[in-house]
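Here's a quick briefing on side-chain contacts.

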Amino acid sequence: MEPSWTKWLRTAAAAEQTGTQKSDLQGGCRTDKMAAQSFISISELHPNFSHPKVLGVIIGKTDVRSFPDRKNIEIDRFTFGFTIRDSPDFFINVSAWGNDTYVNGLADSFSVGDCVTIENPLVSTKDPEKGDRFCPKTPSHYRLLVTETHSQVCLCADVDTIDRLLPLIHLPVKDSRDFYSLGDIVANGQKLDGTVINILAAVKLIGETKQFITSDGRRGQRLEVKLFDDSVSSFPLIGWDKEAIQLLQTLVPRETVLFIADIKMSFDSFRSSMVATVNSKSIITVNPDTREASLLFSYAKEMSESGALDQDEAPEDLPVESITDVYTVNQLKDRSKEHPEPFFGVTYSFISKLDLDSSVSKVIKTRCARCKFLVLEDMQVCTNQLCPGREQLLSAATGFDLLVDFTDHTGTLQACSLRGPVAERTLGCTTEEFTSLTDDQRTALRWRFLLERCKIHVKILPSTRMKSGIRGVILACSLADPGEVKQHMSKLLQEL
């Protein structure tokens, strides 16, 4: 005997192809307070209900997929899924089926976090052995199916209803204490390969979405997000689906905590480490309203404000001689905004700020040799909670630690780091020699560079702590050759 839901879908498909008129329900959804009384809560749904009306906030959504129709292989059928919630304890999966125009139009009409009403969906019993095993786990025994012919899905317009539903998006769909820390994942390693688990972590860095074309001509995309918690300073989270990527792109690094239910763990042989991947079963809860998430948020804020998170996310420095791309200051800023990933370049700019005649303690500082966190020389251990050697005896290094501004005709890049051996090579003296200089000698050294055109090799990194949104690290700096400046500046002006 044919299941009721397949017969229902087959009838809907036939109606679409023959141009059958939609039911009277297609006139629109009423979401005023009087109509709200007629909505059925998810916990009370049953297949015997006639013309049910459901209300909820969207907590998960998948990409649109297509496949040949069984009855007519020349016609493609389209589908996508989403999950709605109407109370702390109940949520349900919804599948939309139909032609290209209907399904893609419906998918584009709402996002995770929107409140929707669904009129006349088919309520069917879940089948964990078939399609439902690829959907998020829900407490409901049923699922909903919607088609253009029979059903109506629209955004909720009632403000009071929206205010009631929106807090539900901050409640994890699993027990808030049922998660692996990133440290647990690293400790278990390949034992977790292929498993699906829950994690709680803060967002550290959002990479650039990479577009690609598969061997069979399909377009794809990939986004990598770096996570952290109080046990691991950086852990990769991968998103392949458009819907997951769109959600991840809206997050604010260092100010967002995620509870991700049913994330897939796998061992990446190229990195020789574990990675987490969002899949069709995953539900991402942004800034969960839980005690555990609140503690992690406070920790993330503390680490961000201390600068500890800036120390370990930079790529390895390239050899200076291999850095050849020349930029104006404005071009450095523009590229960083367009592609928020670290990069290297050369700029011919004037040093507009170089405080060498400040007190020695502002010029020469001590940092942990392992994590580069600022420490005092008499400390026994590093105070950075993310330091890989925080439980070991402090290993520290003392050196130049300067913030330099450089300026050209397009603008100024402020507070660029000039540290350690790079600063010694630039200034032509060691820290010991510098401390023995008189005030007049320090001032003279400063004016050797201040307002002089220099050739600066720089690494640019995104930084939420900087007003400009970027941070510069000087890898080499020397007074520029006038002929070289003229050659490169002429080329830059021609490109404008």
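Keep in mind that this is a predicted model. The tally runs to nine salt bridges, eight aromatic pairs and zero disulfides.

**Salt bridges**

- K210 and E208 pair up through their side chains, with N to O at 3.9 Å. K210 is partly exposed at 40% relative accessibility, and E208 is partly exposed too, at 23%.
- R222 and E224 make another salt bridge, at 3.3 Å from N to O. Here R222 is partly exposed at 23%, while E224 counts as buried at 16%.
- R446 bridges to D357, with the closest N and O atoms 3.4 Å apart. That one links distant parts of the chain: R446 belongs to helix 12 (residues 439–449), D357 to the loop between strand 16 (343–353) and helix 9 (360–363), and the two are 89 residues apart. R446 is buried at 18% relative accessibility, whereas D357 is partly exposed at 37%.
- R367, D401 and R419 are joined in a network of salt bridges.

**Cysteines**

**Aromatic pairs**

- The count comes to eight aromatic pairs. One of them is F80 with F110, a tilted pair at 6.1 Å centre to centre and 40° between the planes. F80 is in strand 3 (residues 76–85) and F110 in the loop between helix 3 (100–108) and strand 5 (115–119), so the pair ties together parts 30 residues apart in sequence.
- F212 and W240 go edge-to-face, with 6.0 Å between centres and 85° between the planes. F212 lies in strand 10 (residues 210–213) and W240 in the loop between strand 12 (235–239) and helix 6 (242–249), so this pair ties together parts 28 residues apart in sequence.
- F212 is partly exposed at 33%, and W240 is partly exposed at 39%.
- Ring pairs also link F80, F82 and F110 into a cluster.

**Charges over rings**

- K53 puts its charged end over the ring of F39, 5.1 Å from the ring's centre.
- R335 lies over the face of F343, at 4.3 Å from the ring centre.

How values were computed
Residues are numbered from 1 along each chain as its sequence is written. This is a predicted model: local features need pLDDT of at least 70, side-chain atom pairs count only at pLDDT 80 or more; totals for chains, interfaces and linings use all residues. Side-chain values use heavy atoms; hydrogens and water are left out. A salt bridge is a side-chain nitrogen of Lys or Arg within 4 Å of a carboxyl oxygen of Asp or Glu. Buried means under 20% relative accessible area, exposed over 50%, partly exposed in between (1.4 Å probe, protein chains only). Helices (H or I, at least four residues) and strands (E, at least two) are DSSP runs, numbered from the N terminus. A disulfide is a pair of cysteine sulfur atoms within 2.5 Å. Rings of Phe, Tyr and Trp (its six-membered ring) pair if their centres lie within 6.5 Å; planes under 30 degrees apart count as stacked, over 60 as edge-to-face and the rest as tilted. A charge sits over a ring if NZ of Lys or CZ of Arg is within 6 Å of the ring centre and within 35 degrees of the ring normal.
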